Amino acid sequence: MSVSAKTLDQNEYFYGHKACAGCGGSLAVRNALKVLGKNAVAVLPAGCMSAVGFNFPQLCFANNAIISTFAGTASMLTGIEAGFRRRGIKDFTAVGFAGDGGTADIGIQALSGAIDRNDNIIYICYDNEAYMNTGIQKSGLTPFGAKTTTTPAGQNIHGNIRPKKNMFEIVAAHDIPYAATATVGYINDFLNKIEKASKIQGTKYIHVIAPCPTGWGIPVSDTIDAAREIVDCGLWYLAEYENHEFKISRDPKNFTSVEEYLRKQARFKHLTDEDIKIITESRDKKWEFIRSHWN
Amino acid sequence: MIRPTVREKKTFGFADVPEDTSYEAGYLVTVNSGWRSIRPVVNTETCIGCMQCYLYCPDGVISIQDGKAVIDYDFCKGCGICSKLCKPHAIQMESER
């Protein structure tokens, strides 16, 4: 059964948190917990969501939640799953919420190990494309050309010189039971992927784009628009990996303008027409591959 | 609809601080209303209860009661996502006085 606003759990499990206004990451966590329900056990490594959720004595998670080491989200999920199983508790979901840095850089070996062991956990990466919690440093998932404090934009170097790491396909290459990409802009798609993941035995990975108004340099009310536009212009794709096959969930017939998407964000303000051409060409190349290899 | 609510802010001695990273789930002691410079106001005449604002609110402060959006102003940060998404334009942002 598909999940919608009407069938969604009405209770709030992530409430009163101290995230910036218009935070995409908190929207992803809130909605994921609404799908998984009160028996979800959340693991949060160092990152925005642990910083805004746990301010002693304020605890903004209404379900069980714990902070893990930065690198150990997946290992702690493994331990929680094993511990609950040993104690005979069956009705629970071990779910981790790590940022892009905590997933693609610092936590990648723990995640890889958990997928290798095929532990029954859900790992959600909320991707705001930099280390936003510590003041916007480049991560492995920062896209080409983005200005961060460690990849400043000047005359010679125009922001980040490296493309975004292909985390979804790295995870899929482990032959994981289920992996998916999503965006907070198309929340129904995200909710249904969480629901689907919760029914599958083994390791599940969901990569959700969660715009950060602070780090991206957009108005706080534009989070959802940016999260939709990144998919509409083709710089992000909604896909699933299941039964050894990639499947595209949304195939835009005509892409909206990449330039329009980039120009709205302060982190891309310095880009030249040449840079935008590089980004557009890499998008076209990616989609050519997707359309010829994926279902 | 069950949400965590604001409870008493106790004073803690050093010995009371838990060793784990957690505290009692859903224990809130402060509100976020002071963060706002603008507030969303729902026009119940035009609100059709489509639940889009409820789905997309990062703070989960909107609930649908009797088919209309109701906002918990204690925790609304005034980001304006709800107002921007509202198709019938039933949510307007108004300046905080």
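Guide: Let us begin with the core. In the largest nonpolar core, which has 112 residues, A:Ala42, A:Val95, A:Ile124 and A:Val208 touch the most other members. Helix H1 (residues 24-36) of chain A gives the most to this core, with 7 residues. The model is predicted: local features need pLDDT of at least 70, side-chain atom pairs count only at pLDDT 80 or more, and totals for chains, interfaces and linings use all residues. Residues are numbered from 1 along each chain as its sequence is written, and chains are lettered from A and ligands numbered from 1 in the order in which they are written.

Visitor: What makes a set of residues a nonpolar core?

Guide: The term denotes buried Ala, Val, Leu, Ile, Met, Phe, Trp, Tyr and Cys residues joined through C-beta atoms within 7 Å. Helices (H or I, at least four residues) and strands (E, at least two) are DSSP runs, numbered from the N terminus.

Visitor: With which residues is A:Ala42 in contact, leaving aside its neighbours within four places in sequence?

Guide: They are A:Leu33, A:Phe61, A:Asn63, A:Asn64, A:Ala65, A:Val95 and A:Phe97. Contact requires C-beta atoms, placed from the backbone, to lie within 7 Å.

Visitor: Why are strand E4 (64-67) and strand E10 (245-250) of chain A said to stand at the edges?

Guide: The open sheet of 8 strands has the order E4-E1-E5-E6-E8-E7-E9-E10 (chain A), with mixed pairing. Strands E4 and E10 of chain A each have a single partner strand, so one side of each is left without a neighbour in the sheet. The twist averages 20° from one strand to the next; angles run from 0 to 180 degrees between N-to-C directions, with axes fitted to C-alpha atoms, for helices over the stretch in contact.

Visitor: Why is A:Ile136 called buried, and A:His244 exposed?

Guide: A residue is buried if 20 or more other C-beta atoms lie within 10 Å of its own, exposed if 12 or fewer, and partly exposed in between, with C-beta atoms placed from the backbone. A:Ile136 has 24 such atoms within 10 Å and is therefore buried, whereas A:His244 has 7 and is therefore exposed. A:Ile136 lies in the loop between E6 and helix H6 (167-172) of chain A, and A:His244 in the loop between E9 and E10 of chain A.

Visitor: What is the phi of A:Ile136, and what is that of A:His244?

Guide: Phi is near 65° for A:Ile136, a positive value in a residue other than glycine. A:His244 likewise has a positive phi, of about 65°, although it is not a glycine. Most residues other than glycine have a negative phi.

Visitor: How does the radius of gyration of chain B stand against the globule rule?

Guide: Chain B has 17 Å, while a compact globule of 97 residues would have a value near 13 Å. The radius is taken over C-alpha atoms, and the rule is 2.2 Å times the number of residues to the power 0.38. The C-alpha trace of chain B spans about 55 × 30 × 20 Å along its principal axes.

Key: Contact = placed C-beta atoms within 7 Å. Pairing = 2+ DSSP bridges.
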